[in-house]
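Subject: Structure handover

Hello,

I am passing on the structure we talked about, with a short account of what turned up in it. Please look through it before reading on.

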Amino acid sequence: MSWITTDLLALCNMSFAELSDFLQSNPGRRADVGKIMMFRTLLILVQYFPHPMEFFSTLTKTRSALSGSAILRLILLHTQPSSAAVTWVENDLDIYCTDEAAQDVIDHLFSQGYTHVASFPAERWPSDGPYPLSPSISVLHKFTRSPDGIHDQNIDVVTTHEASALAPIPEFWGTPVMNWLTATSVGVAYPNWTLQREGGLVPSRDSAGTRAIVEKYRRRGFNIRRANKLPHLSSPGTEF
């Protein structure tokens, strides 16, 4: 693997926050930081796609985004101290795209052996589901496959009628999951909270379904409390 150099190895164990700080101080190393983040991204994607670069091409072409616990895990990898290590494993992948791009994303999932399970237009979402009744979201499509006949791989495709696939993210239930990855950037809406395992629950999203999700993130080490008013979104994303 000729692209691995001594300088690159020094970056391998840096956390997302450390890489972001390093990039600000060393803008000439953008390509090296990009390689590290791409490698970490592919480690996530290979769990769902046998040819992750093909999916990454679809992500690029459709200007779609990934969000949810998989991206939170990516952001928290190599966090210090060791007591804050990421010990949980995500069990699904959330893809966000515009209505216009949805068919290209769905066609790629079919080509990778995924089966369509169900689709829920906004007005028919399960009341106890993980997604809020967001004004920006059009449809939730659920897909699954079981390559070995034992373990399921689940993907949710969430479409929006807005111009940007990122439009629904500020409408999530709470700040721990207001993070995203596109083909060119990684964004953390509330880095000061998220990187310290703190989180705010949006009061209007407080429901039985949401409370179950909050408990899951508390088990993952987050201190989550009701936030009467969230600060203005603080991160446009870090480009790699």
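Is K142 buried, exposed or partly exposed? K142 is partly exposed, at a relative accessible area of 28%. Please keep in mind that this is a predicted model.

The side chain of K142 forms a salt bridge with that of D156, at 3.0 Å from N to O. K142 belongs to strand 4 (residues 137-145) and D156 to strand 5 (residues 153-160), so this pair ties together parts that are 14 residues apart in sequence. D156 has a relative accessible area of 6% and is therefore buried.

In total, the whole structure has 4 salt bridges. Another one of them joins the side chains of R225 and E198, with an N to O distance of 2.8 Å. Here the pair ties together parts that are 27 residues apart in sequence, because R225 sits in strand 9 (residues 223-226) and E198 in strand 8 (residues 198-201). R225 counts as partly exposed, with 40% relative accessibility, and E198 also counts as partly exposed, with 24%.

R29 and D32 make a salt bridge too, their side chains meeting at 2.8 Å, N to O. R29 has a relative accessible area of 21%, so it is partly exposed. D32, at 18%, is buried, because the cut-off for buried is under 20%.

On the cysteines: the structure contains 0 disulfides. C12 is partly exposed, at 29% relative accessibility, whereas C97 is buried, at 0%.

Regards

Definitions and conventions: Residues numbered from 1 in each chain as written. Predicted model: local features only at pLDDT ≥ 70, side-chain atom pairs only at ≥ 80, totals over all residues. Heavy atoms only, no water. Disulfide = S-S within 2.5 Å. Buried < 20%, exposed > 50% of the residue type's maximum accessible area, 1.4 Å probe, protein only. Helix = DSSP H or I, 4+ residues; strand = E, 2+ residues; numbered from the N terminus.
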